[in-house]
Amino acid sequence: MTIPNEPAKATSLPAPPPPPPVVAPVAAKKKRKPKPKRPLLFIDTNILLDFYRARNDAGISLLSKIDSLHDETITSCQVEMEFKKNRQKVISESVTLLKPPEFNLSTPAFLAEAATVKVIKNRIQDVKKRVDKLKARILSTLGNPRTHDKIYQTTQRLFASPSPLNLRHDTPEYKQVWRRALRRFLEGRPPRKKEDTSAGDAINWEWILHCTKETNRDVIIVSRDADYGLTLDGRSYANNWLSDEVKGRANQQRKLILVDRLSAALKLLDVKVTREEITSERATIKTPVAAHENEIESLVGDALHGLLNGEAMSSLIAKTNTAGWACNSYDLENLKLKDGIWTAHVSFSFSGEQEDDKPFHGDTISGRCVIEIDHAKNVAISEVKADLDTGEEAEPEEDEPEEDEPEEDEPEEDEPEEDAGDKGRPDS
């Protein structure tokens, strides 16, 4: 029996996989340039001492902002020593300037017992008592600065900071920095003043160079010291040698930035500074001339004593028969402060004692000069003009006799007659 073939069953094929989803191409992300690091900060000693001259709280609050910048502030045991060395002297200036206002009340006799007059007199006495209390408070900062002096406390926190930018005597790099600074000082390289007897500025600068190289960051120096550069018309220019040295020893891309105010440096570091703080700092820099007159006069007196022993005065003194020369008097004129330099015209008088057994040839020297005093109190004397007063009146110069005058003119008058070549010559 034949079984008919059954139709073949249709076999089902597996469904093809779905197509992959279409993914839009992703644009390559642009690499962002790393944000440049903020510059390092170095604050010169005199800038820190200026806060003792501030006349309101805004000036003190400006200094407190460095508490958040210890890790970016370059400092050293040299700055600490200079600050503590000169701190008491600056405070003593404040005590000298703190005086009660002079007030003389002149009232008619019939009002002497009036109640208003008594109240005014009591208020005057009260002001004097309060001034005495302020003086006592200032003096307390001298005895115990750690508890009574906010400026001292703020700077001490900076000097005691464990930051690698703080050069201490036990810092591993200290000896190397000191040796380089000594060589720099002996070679006369900046920063250095003419009359410097220590390598303090050189130590600070060598440490600044080290920190700049190690961190590969720019550096801002806050100073009004002419050693670091020049400030002219409100703008500061770093010393060319120092700027080149930063590029040569640290990195060609690194910059030295010089400013004369802490508020200007803080703004460069993106630290918020109020208008009151800026105004207070500017007022501190522009201290009235009267506040410094006593100290300036003392410096001028010492400088004139040096001038008396100089070569110019010695040559005049050698013409006399006197001994025991000294400065009798001197007057300051046109005292001005510009770009951190005090200038004045000085008139002076020196005198000596005449020796009895020798002829008199003068015993007084009078003259004038120009004096410049920088922020570090270095005094420079220039344009010296001096004369020896012999006590004799200068003889008047004799006038030439009138009869001699025609003799000088005779050749001109006789010239046409003596010129024989002109005779018989036709007129043109």
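## Close-up views of a predicted model

**View 1. Arg 184 and Glu 206 form a salt bridge, with the closest N and O atoms 2.9 Å apart.** The model is predicted. The pair links distant parts of the chain: Arg 184 sits in helix H7, Glu 206 in helix H8 (residues 200-215), 22 residues apart. Arg 184 has a relative accessible area of 0%, so it is buried. Glu 206, at 3%, is buried too. Salt bridges with shared partners build one network from Arg 183, Arg 184, Glu 187, Arg 189, Glu 206, Glu 245 and Arg 249.

**View 2. Glu 80 meets Arg 168 in a salt bridge.** The closest N and O atoms are 2.8 Å apart. Glu 80 lies in helix H3 (residues 77-97) and Arg 168 in the loop between strand E3 (166-167) and H7, so the pair ties together parts 88 residues apart in sequence. Glu 80 is buried, with a relative accessible area of 11%. Arg 168 is partly exposed, at 26%.

**View 3. Arg 87 and Asp 149 form a salt bridge at 3.0 Å, N to O.** Arg 87 belongs to helix H3, and Asp 149 to the loop between helix H5 (145-148) and helix H6 (150-159), so parts 62 residues apart in sequence are tied together. Both Arg 87 and Asp 149 are buried. The structure has a count of 20 salt bridges.

**View 4. Phe 348 and Phe 350 stack.** The structure holds three aromatic pairs. In the stacked pair of Phe 348 and Phe 350, the centres are 4.9 Å apart, with 25° between the planes. Both residues, Phe 348 and Phe 350, are buried. Elsewhere, ring pairs link Tyr 52, Phe 83 and Phe 159 into a cluster.

**View 5. Arg 192 lies over the face of Phe 185.** The distance to the ring centre is 4.0 Å.

**View 6. Trp 178, Leu 182 and Leu 186 form a nonpolar surface patch.** Together they have about 310 Å² of accessible area. Leu 182 is placed in helix H7 (residues 174-187). Its relative accessibility is 34%, which counts as partly exposed.

View 7. Cys 369 is buried, at 3% relative accessibility.

**View 8. Asp 71 is exposed, with a relative accessible area of 59%.** Asp 71 sits in the loop between helix H2 (57-64) and strand E2 (73-76). The C-alpha atoms of Asp 71 and Ser 161 are separated by 8.4 Å, although these residues are 90 apart along the chain.

Technical notes: Residues are numbered from 1 along each chain as its sequence is written. This is a predicted model: local features need pLDDT of at least 70, side-chain atom pairs count only at pLDDT 80 or more; totals for chains, interfaces and linings use all residues. Side-chain values use heavy atoms; hydrogens and water are left out. Buried means under 20% relative accessible area, exposed over 50%, partly exposed in between (1.4 Å probe, protein chains only). Patches are made of residues with over 30% relative accessible area and no salt bridge: like charges are joined within 9 Å, nonpolar side chains (Val, Leu, Ile, Met, Phe, Trp, Tyr) within 5 Å. Accessible areas come from the Shrake-Rupley method with a 1.4 Å probe; for residues, only the protein chains shown count as cover. A salt bridge is a side-chain nitrogen of Lys or Arg within 4 Å of a carboxyl oxygen of Asp or Glu. Helices (H or I, at least four residues) and strands (E, at least two) are DSSP runs, numbered from the N terminus. Rings of Phe, Tyr and Trp (its six-membered ring) pair if their centres lie within 6.5 Å; planes under 30 degrees apart count as stacked, over 60 as edge-to-face and the rest as tilted. A charge sits over a ring if NZ of Lys or CZ of Arg is within 6 Å of the ring centre and within 35 degrees of the ring normal.
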